[in-house]
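Dear colleague,

I am passing on the structure we spoke about, together with some notes for a reader who has not seen it before. Please have it open beside you as you read.

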Amino acid sequence: MVLTGTYERTLDEKLRLAVPKAFRDALSKEDQLVLTPGTDGSLSLFTSATFEAMARQLAERSPNGQDVRAFSRLLYSQSHSLEIDSQGRIRLPTELAKLANLNGEVALVGVGDRIELWNKRRWDEYLAELQPRYDQLAETALAGRPQ
């Protein structure tokens with residue numbers, strides 16, 4: 001499953017967010033989702049299987065490394081299991097909504113193995129900054145890829 005696309009939604013006063021149908025369909029076989037702090041001011045929503053794979057990868061790193069210990073503590077202490085309710089919504093934990101400054105308009109962005117949740121204004125700024133460098137980023141990101 002590869003998650004793609006960008007969808008705008010409104011976060012309600014109870015911190016509930018409607019998950020777009022395309023994402024719900026892709027996640028339909030998943031009982032549990034995990035919401036974590038993301039990068040660049042976003043939150044990341046993983047399937048439990050993808051989150052567990054990331055946990056295994058992190059466990060292979062040396063626990064003696066200060067960055068590994070710090071990242072592990074931050075990741076696991078702030079991660080929450082979520083379910084999509086019968087109306088196709090998830091409820092964000094207050095502390096994660098605050099961390100990503102999510103209120104009002106939210107952008108849900110499919111990024112391969114996860115869905116990122118962004119403050120809509122922040123997402124628009126991020127796009128405006130990076131879109132002009134798309135070709136350069138593609139060359140770097142795909143360098144050494146077999147043809």
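**Around S42**

The side chain of S42 reaches the backbone oxygen of T39, at 2.8 Å. Please bear in mind that this comes from a predicted model. S42 itself is found in the loop between β3, which covers residues 33-37, and β4. Is S42 buried or exposed? Its relative accessibility is 3%, and S42 therefore counts as buried, since buried means under 20% relative accessible area. Leaving aside its neighbours within four places in sequence, S42 is in contact with P37, A100, E116, L117 and W118.

Which strands pair with β8? Strand β4 (residues 43-47) pairs with β8 in the antiparallel sense over three bridges, and there L45 stands opposite I115. Strand β7 (residues 104-110) also pairs with β8 in the antiparallel sense, over five bridges, and in that pairing I115 is the bridge partner of G110. The hairpin of β7 and β8 has four residues between the strands, and within the hairpin G112 takes a positive phi near 75°.

**The two largest pockets**

The largest pocket holds about 460 Å³ of space and is lined by 17 residues, of which V111, W123, Y126, L130 and L137 lie nearest its centre. Strand β8 comes back here, as β8, α5 (120-130) and α6 (134-141) each supply at least two residues of the lining. By class, the lining of the largest pocket has 11 nonpolar, three polar and three charged residues.

The second largest pocket has a volume of about 230 Å³, and 13 residues line it, with P37, G38, T39, F71 and L75 lying nearest its centre. The classes in the lining of the second largest pocket are six nonpolar, five polar and two charged residues.

With best wishes

Methods
Residues are numbered from 1 along each chain as its sequence is written. This is a predicted model: local features need pLDDT of at least 70, side-chain atom pairs count only at pLDDT 80 or more; totals for chains, interfaces and linings use all residues. Side-chain values use heavy atoms; hydrogens and water are left out. Two strands pair if DSSP finds at least two bridges between them. Buried means under 20% relative accessible area, exposed over 50%, partly exposed in between (1.4 Å probe, protein chains only). A polar contact is a pair of N or O atoms within 3.5 Å; within protein, one must be able to donate a hydrogen and the other to accept it, and residues adjacent in sequence count only if both atoms are side-chain atoms. Contact means heavy atoms within 4.5 Å. On a 1 Å grid over the protein atoms alone, a cavity is a set of points where a 1.4 Å probe fits but cannot get out, and a pocket is an open set with protein on both sides within 12 Å along at least five of seven lines; lining residues have an atom within 4 Å of a point. Grid points are joined across faces, edges and corners, and a volume is the space filled by probe spheres set on the points. Ala, Val, Leu, Ile, Met, Phe, Trp, Tyr, Cys and Pro count as nonpolar, Asp, Glu, Lys and Arg as charged, and the others, Gly among them, as polar.
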